[in-house]
Amino acid sequence: MTDEIWDSFLPKKFKLLSPYQWTPIPVIERTWKYLSNEQVKSVVDLGSGVGKFCIYLSLLSKSSFPILGLEDREDLVVISDSLKTKWGVKNINWEKTNFLNQFPFGHSHYYCFNPLYETMKGNHSIDISKGKSAKQFLNDLQTFKQNLILLKPKTKLITFHGFGGSYLPGFKTLLKEEIVGGEFRVWEKE
């Protein structure tokens, strides 16, 4: 699988955003390599976009554990669900929700690809629905950290390009490496 093949199934508007918004295929493959040696009860993608991470991870894992994608844009949830059908994968569900306000506690593994990116000033936004300001970013980062701190010990957080910060109190780093131009990191709640 390549990003080009995957992206060929997306509407044009979302193909153009792929390098900035959707997890690259090599990162999903690296995530599976890590998870294949773990006791995975469930994985949650925080800000699942068009479902690329969830669907390809399900294909790699042969749907061996439940995957939940959380996305706050209805159109992306609809696209994710149609791609799930197209790829014929099972054991994935999507919820239209803002994970900052309704955090899904109780899972063994969480994944995020810099989920607060769109609240920072910058280019390559999915749409204009998110407010952009340093204040908004810092508020969202604080809320996100407060949610993560409440996770149970031994819970894993897998990040690509970070979670929005560089220090996560109550977590230790299990793995940190550079992959396709970004930092891939596995954190464990202590």
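Which residues of strand 5 point one way, and which the other way? I opened my notebook with that one, keeping in mind that this is a predicted model.

**Strand 5**

I found K156, I158 and F160 pointing one way and L157 and T159 the other, with all of them buried. Strand 5 covers residues 156-160, and since five of the five are buried, I noted it as largely enclosed by the rest of the structure.

Next I looked up its partners. Strand 4 (residues 109-113) pairs with strand 5 in the parallel sense, over five bridges. On that side I saw Y110 standing opposite L157. Strand 7 (residues 182-189) runs antiparallel to strand 5, and five bridges join them. There I picked out K156, which stands opposite E188.

**K41**

Then I turned to a loop residue. K41 sits between helix 3 (25-35) and strand 1 (43-46). Is K41 buried or exposed? I have it down as exposed, because its relative accessible area is 67% and the cut-off for exposed is over 50%. Leaving aside neighbours within four places in sequence, I listed F65, P66 and S108 as the contacts of K41. I also checked K41 against G106: they are 65 residues apart in sequence, and their C-alpha atoms are 9.7 Å apart in space.

M1, I5 and F9 make a nonpolar patch of about 250 Å². I placed I5 in helix 1 (residues 3-7), and I5 counts as partly exposed because its relative accessibility is 43%.

Terms used: Residues are numbered from 1 along each chain as its sequence is written. This is a predicted model: local features need pLDDT of at least 70, side-chain atom pairs count only at pLDDT 80 or more; totals for chains, interfaces and linings use all residues. Side-chain values use heavy atoms; hydrogens and water are left out. Patches are made of residues with over 30% relative accessible area and no salt bridge: like charges are joined within 9 Å, nonpolar side chains (Val, Leu, Ile, Met, Phe, Trp, Tyr) within 5 Å. Accessible areas come from the Shrake-Rupley method with a 1.4 Å probe; for residues, only the protein chains shown count as cover. A salt bridge is a side-chain nitrogen of Lys or Arg within 4 Å of a carboxyl oxygen of Asp or Glu. Helices (H or I, at least four residues) and strands (E, at least two) are DSSP runs, numbered from the N terminus. Buried means under 20% relative accessible area, exposed over 50%, partly exposed in between (1.4 Å probe, protein chains only). Two strands pair if DSSP finds at least two bridges between them. Contact means heavy atoms within 4.5 Å.
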